Structures are given as C-alpha cells and as structure tokens.
Amino acid sequence: MQTAVRDPIELCHRLQLSAEFESAAIRASRSFPVFAPLSYIARMEPGNPRDPLLRQVLPLDDELLMEKGFTSDPVGDLAARRAAGLLHKYHGRALMITTGVCAVHCRYCFRRQYPYEDDRGIGARWADAVAEIQQDSSVEEVILSGGDPLTQGDAALARLASMLAEIPHVRRLRIHTRLPIVIPERVTNELVKWLRGTRLRPVMVVHANHPRELDEAVEAGLGRLADAGILLLNQAVLLRGVNDCAETLADLSHRLLDCRVLPYYLHQLDRVAGAAHFETPVEVGRQLVDALTARLPGYAVPRYVREVPGAAAKVRIV
C-alpha cells in the first residue's frame, strides 16, 4: 500500500494515456483521490483507456456530472447507524465499519462519500460497537467492512475477533474485502492463523468484477484461504464498460470456481453520486443473467440483486 499510485498523472503515465485523460483525472480526483496498488496496475493493458481494470480506478470527467437519483448515501447507511462504527440493517446481522481505509479506490464505490470522520469508534476503538452487539441477542453474524478491514493489522483483527467470540449469540464472522484481489500478498500466515483460531465460523466475501483480476498470485492467495477451510464468496458489481457482457461474466464465474470461490452476488450499481457512467440498465442485467443461466451450472450463476434502503434484505432482481 505504501507504493500504491496516488497521483493521477502518474497513473496516466504508467498506462501511457494521452494528455486529455491527465487533465480529466486531475479534476475528478479532487473529490475522490486516486489509489491503485502496483500489483493491480500490472494487470492492465498500457495505452488502452478502455481496459476494464483501469476503468475501475481512472478518474473521469463523467464523475463531475450531477445526475438525478444519484446521492451521497445511496444505500441508507446513515439511517442504519446504531453506534459508532456499527450499522444494523438486516435481521441477525450487524456490520462494523472497521476502518475508512481501502487498498484501492474504486470509482463506483458506494461509500466514496461516507463520513468516516464521524465514526469515532472505527480503527482500534471498537468498544461501543461490540457492546451494542452484545446487547442484541438477535445478532448471529458480524460483518467486518469499511473501507477494507484487511488494511488493519492481523494482531488488531485477532483481538476484535476474540472480543466478538466472547459474545455467546454470535456464531459467524464475515469479512468483506478486496485486498486478496488487488494485493494478494495480504493473505499472510498470521491472517490464516487468526481466522482458523476463532470460535466463530469465518466467511470471506471478496470482490472481483473481471476475470483478468484473478491472476496466478490471486489464485494462490485464495487457495491458501480455501485450504484453511474459509468459505469464500464473491460479489461483483455490474459495471458498464467493465463486465456488461455475458462472455465476460461467464469467464468470471469460471475463473472464480478455478480459485475455489463461489459466485455469490452480481450487484446492480448503487446509485452513488459520481458513478452514473457505470450504470447498466436493469433490463440488460436481466438478459445477461438469463444468458449465464443458459450456459453455466446453477451454482455458478450469481444472484442479481440491488440494495434498497429500508428493505429487509437485498432485493433479488433475478
């Protein structure tokens, strides 16, 4: 993460993009900075501004357009706050905002405008969130999110897992992370050790949108987690210009299964301000899932869903 590209000009130079992309990247990055690890950039095609991995991290002038229906809090996170760093939307599950730090800045991120500075409980100060979970016996599963929880050190995460394991009604610990995809070296011995050492049943949900994200290093890291008995799921976002074709999505499912990861969700884009240019019409999404159903076994077809503020669960589209 220390060597990640943070300068939009450097990103454009590394990918051999023309000056017009440099000026746009500077303008768009003022509201949401560039952050792209070198290991992720290495999988991109130089000179191709339409590279599906580059599109996910390259700031564009499209982000500056104000589009109706696109807001700073598209999934109702703020209304779901129950304590500092704790969101509670669905029965039986609570989500901890463990950090505001990510290992990559995806331009479509639904929390790109989340007020992390207001959550004084994130980072090493989780007591309020843990206390709230302890008082609610309906919570069986705790989800670690962010930011990206794996940007935290393993010692700190192990302490948090230990705190949660002391709560009798908590049974599972789910970790939502993009780090094993963008920086596969994050799958360390220490990470595997504390995941295996907790009483809680560990589940890891990774985030890959395109088959080219799953190179040999990523496959090796995911394999170490699978060998340790960690249930691995993937959630992708349907993104225009990235994965909005049946062949790409089918290849993604095949590649995930090669990596021992189950395709879990295909999300309709959360309508966060600045990401309208990524939106794919729902009808196109339905057609894509129909095409996947015709060519893949059922377990390889992700559920096509969207998040609706106030709903009791993710709303299934297909």
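Which residues is leucine 164 in contact with, leaving aside its neighbours within four places in sequence? In this predicted model, the contacts of leucine 164 are Met96, Val130, Ile133, Val142, Leu144, Val170, Leu173, Arg199 and Leu200.

Leu164 also belongs to the largest nonpolar core, which has 91 residues. Together with Met96, Ile133, Leu222 and Leu225, Leu164 touches the most other members of that core. Helix H5 gives the most to this core, contributing 6 residues. Another core lies apart from it and consists of 7 residues, including Ala80, Leu87, Tyr114 and Ile143. In soluble globular proteins, nonpolar side chains tend to be buried together.

Helix H5 spans residues 154-165 and packs with helix H7, residues 189-197. Their axes are 10 Å apart and form an angle of about 5°. The two helices are therefore roughly parallel, since angles under 35 degrees are classed in this way. On the H5 side, the residues that meet H7 are Asp154, Leu157, Ala158 and Ala161; on the H7 side, they are Glu190, Leu191 and Trp194. By type, the residues of this contact comprise 5 nonpolar and 2 charged, with no polar ones.

A further residue examined was isoleucine 26, which lies in helix H2, residues 19-29. Isoleucine 26 counts as partly exposed because its relative accessibility is 31%, a value that falls between the limits of 20% for buried and 50% for exposed. Not counting residues up to four places away in sequence, isoleucine 26 touches Pro8 and Ile9. Aspartate 7 is 19 residues from isoleucine 26 in sequence, and their C-alpha atoms are 8.5 Å apart in space.

Methods: Residues numbered from 1 in each chain as written. Predicted model: local features only at pLDDT ≥ 70, side-chain atom pairs only at ≥ 80, totals over all residues. Heavy atoms only, no water. Axes fitted to C-alpha atoms, helices over the stretch in contact; angles between N-to-C directions. Helix = DSSP H or I, 4+ residues; strand = E, 2+ residues; numbered from the N terminus. Parallel < 35°, antiparallel > 145°, perpendicular 65-115°, else oblique. Contact = heavy atoms within 4.5 Å. Nonpolar A, V, L, I, M, F, W, Y, C, P; charged D, E, K, R; others polar. Core = buried A, V, L, I, M, F, W, Y, C linked by side-chain atoms within 4.5 Å. Buried < 20%, exposed > 50% of the residue type's maximum accessible area, 1.4 Å probe, protein only.
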